[in-house]
Amino acid sequence: MSEIFEARDWDAAGRIGRLSVPRSGITVETPTIMPVVNPHIQTIPPRELAERFGAQILITNSYILHGSDDLREAALSRGLHDLLDFPGAVMTDSGSFQLAEYGEIDVTSEEILAFQREIGSDIATPVDIPTAPDTEREAAEIELGTTQERLDAAAEFDAGEMLVSAPVQGSTYPDLREAAGDHAAGTGLDVFPVGAVVPLMNDYRYGEMIDAVVAAKRGLGPAAPVHLFGAGHPMMFALAVAAGCDLFDSAAYAIYARDGRYLTARGTEHLEELEYFPCSCPVCAEYTPAEVRDGDTERLLSEHNLHVTFAEIRRIKHAIREGSLLELVETRARGHPAMLDGYRALLAHSEQLERTDPASKSTFFYLSGESASRPEVLRHHRRLERLSVPDSLLLADGSVDGIEADEVWDVRPPFGPVPPELSETYPVNAELPDRLDEEAYAAAARGIERLAEANPDCEIALATAGWPDAALAALPKHTKCILIS
């Protein structure tokens, strides 16, 4: 168990947590966004980030500070918090981004860790090797080995009260990501960024991003606080949180503003194309798009982008507390095909998600065929293996007469068999549409198969009026199907 991180509420692999940052005496509630502050260009001053937007933590680049004569001396003499005028916690990056962009940097991992300690960073980062997606496996293994050597050295570094992060690399190889997570957790370091995923996000490869995160989580274990490096667009926060990410860093609020781009939780709009603002944040409530175009555009757009970013974080926390995070993820996934790929990739790991998903929460809403693959359905199917059954069992999705059986159970897509004693419990008391899709019936058939495999001597009959042929064909061979009108 982590000594600095405590998870309080769970939904899927998402959680509301408390990250203790001892050097500044701050406790950061997660999931949260860390606004990126460029030491040279502060579109929104850090003090405003805290007081107007509620930022508890931000991130800045120690390599830029180290390379600037004026800023380096100011940071060393005044300390990072005073230099930035920020009352919360400050995380610092190490120059790994510049290494990925330019191929080399003029500082060692040990030197930049020492500099981060001297300027008063709360969470420092060693210089890892951000291995790009689709790198040849041999090269990815070599670069991962270098990163792991540097993490081992960072674990021996005298950091005092400063926390030190342990980036998890491994390119697009899930087994390397899992091994990297396991190694990072074994170092005893504190915060675990999943690195080198920005190219995947830039190319809308959200499914592969989720595979990388979930693999890293398998190695790290559920207690580790996880930072998704470079994830700054609010439309993907819910998906990443459901996969188990706790911290995000965002320069998008400012970078997009400079390009006249307006963030929403569903995607990005161009200011020049907007006649109305689809938002009620303070900026959108006070100004029209024309007034923003004619005014301090970059500043106003940055403010809006921050408002919508923090609003999405609050919405996600609310969803976790009420047990509706996956419904929120699905809503967001319907906004973009690539997000839907990400959601489907997430549900392909339902067995892993189920380990931390609460057994009871608010009502299960069946929204689409993807809902049939949720962890709650998987859990119910597993529960079927442990239930006692009679010698003969009738499963019925409606009223039946004249059919003999020792017991009659409901059958409810997507869950399958439901004994009377469970009929009013979560999740089988789900809200279902009247017109279910084939995936719901196929999942119910898998539930029947699970029950039949666990009880080969039980005679099972299914009485149904409207199952599609594909689902009926998937039933166990010895299940008797009775069509009712």
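Q: Does A196 count as buried or exposed?
A: This is a predicted model, in which local features need pLDDT of at least 70, side-chain atom pairs count only at pLDDT 80 or more, and totals for chains, interfaces and linings use all residues. Residues are numbered from 1 along each chain as its sequence is written, and side-chain values use heavy atoms, with hydrogens and water left out. Buried means under 20% relative accessible area, exposed over 50% and partly exposed in between (1.4 Å probe, protein chains only). The relative accessibility of A196 is 17%, so this residue counts as buried.

Q: What is the phi of A196?
A: A196 lies in the loop between β9 (192-194) and α9 (198-202); helices (H or I, at least four residues) and strands (E, at least two) are DSSP runs, numbered from the N terminus. Most residues other than glycine have a negative phi. A196 is not a glycine, yet its phi is positive, at about 60°.

Q: What is the relative accessible area of S171?
A: S171, in the loop between β8 (163-164) and α8 (174-186), has a positive phi of about 55° although it is not a glycine. This residue is buried, and its relative accessible area is 2%.

Q: How are the rings of F364 and F415 arranged?
A: Five aromatic pairs are found in the whole structure, where ring centres must lie within 6.5 Å, and planes under 30 degrees apart count as stacked, over 60 as edge-to-face and the rest as tilted. In F364 and F415, both buried, the ring centres are 5.3 Å apart. Because their planes stand at 70°, the pair is edge-to-face.

Q: How many residues apart are F364 and F415?
A: F364 is in the loop between α18 (350-354) and α19 (375-384), while F415 is in the loop between β15 (407-412) and β16 (416-418). The pair thus links distant parts of the chain, with a separation of 51 residues.

Methods: Rings of Phe, Tyr and Trp (its six-membered ring) pair if their centres lie within 6.5 Å; planes under 30 degrees apart count as stacked, over 60 as edge-to-face and the rest as tilted.
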